[in-house]
Amino acid sequence: MNRCLRKVTMWAVPVVGLLLSAGQVQAQDEVGEFIRAGKEDAGKLVRAYAEPASKAFGHGLNGGWFNSGKAMKLGRFDVRVFATATFSPEEDRTFDLSKLGLTMVRDENGRVFDPNTPVLSPTIFGKDEEGPELTLYAKARRTVAGQSVEVEERVGSINAPQGAGYTFLPVPMAQVSLGLIKDTEVAVRYSPKVKYDDFEGELWGVGLKHGIKQWIPVISMIPGFDITVFGGYTHLKSAYRGLDVPLRDEDRPYATAQQQDPQYYAGQAVTLSTKAWTGSLVVSKTLSVLTAYAGVRYSNVETDLNVEGAYPVTAYRTTAPYNRYVEDITDPLLLNMKDSQWGATGGLRLKLLVFSLYGEYTLAKYPTATAGIGLGFN
């Protein structure tokens, strides 16, 4: 699952004219392995593993909107290409399996996790090594002393997924900005639906910057610096439709002929919808070709992660003869993940004729670093 999620969240590469190669990353079946433990436990595990990436990606989308505290004049414009790297905090590089309240997923010895005994496993930002071994159980009914009783049967084992091996997530982007009247500037990000191999994605965003120094008595008469407020919104939709979670060989004796058809489980996918909005107050000072700016930023992120399609799960019938069989779980996961943070931003822009180079850093729980190049008359 770790590689699958990395590919899905990295779909924004086409926005700057790059495409992922299908041979660079292979889809993994950890999503399906989690789902074999049932919807409830699978949702807890996937959320714990993937949520740091959803936060980092969303806060990355909120970066790079501006490179000064001054709005461009009417008719002036520029086109920017940049990348924002979001860094994960140390505490979000692992998660504690014992704190998830798992019911049908146990430790390697088949014991329920003790909430007082930490069992750490890597998130997507963790080390590039597999997590602890997990055993999967399913509810079953058995006849004991003439009575039908509910028991739990072991149906397999998996390892918690490995981390990516790096602690940051890059988000490439392209943007066009245009100066309007009254010290106002509008910025637009847009990419039509892009399809490449098993990936597809589309993005749009809009931002508005307005100079407020003109409206503040006394301060408006002080020359040499600028003050603006900025607000921006970005919406990204992406999908990876190459999941391949087939029927396991050990489950084939319990599956129907239809379920054993190689095409029966086609259509499995992971989809992401990320909404990111941000607001900033920025002050800047320009000396010749160099502009320095600083301010405060609020960043809000919401991501819906859906696992779609049918997936084979081992189960036991609740009526006689209580035999084992393969159950299809359709569209098993719908996770909503949210985060928000305040940060302090500082940056520099070097302008040479129609070219500009800039970089900035935002200090926050999920800090971001942005570097880019611009072309235009601004």
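How many helices and strands does the secondary structure of the protein come to?

**Figure 1. Secondary structure and extent of the protein.** This is a predicted model, in which local features need pLDDT of at least 70, side-chain atom pairs count only at pLDDT 80 or more, and totals for chains, interfaces and linings use all residues. Residues are numbered from 1 along each chain as its sequence is written, and side-chain values use heavy atoms, with hydrogens and water left out. The protein has 3 helices and 17 strands (DSSP runs numbered from the N terminus: helices are H or I of at least four residues, strands E of at least two). Along the principal axes, the C-alpha atoms fill a box of roughly 90 × 45 × 30 Å.

**Figure 2. Burial and contacts in the protein.** Of the 378 residues, 51% are buried (under 20% relative accessible area, 1.4 Å probe, protein chains only). Contacts (heavy atoms within 4.5 Å) between residues at least 6 apart in sequence join residues at least 24 apart in 71% of cases.

Figure 3. H59 has a relative accessible area of 3%, so the residue is buried. Leaving aside residues up to four places away in sequence, H59 touches T86, S299, V301, D339, S340, Q341, Y366 and T368.

**Figure 4. Close-up of the side chains of H59 and D339.** A polar contact of 2.7 Å links the two side chains (a pair of N or O atoms within 3.5 Å; within protein, one must be able to donate a hydrogen and the other to accept it, and residues adjacent in sequence count only if both atoms are side-chain atoms). D339 is also among the residues that H59 touches.

Note on methods. Buried < 20%, exposed > 50% of the residue type's maximum accessible area, 1.4 Å probe, protein only.
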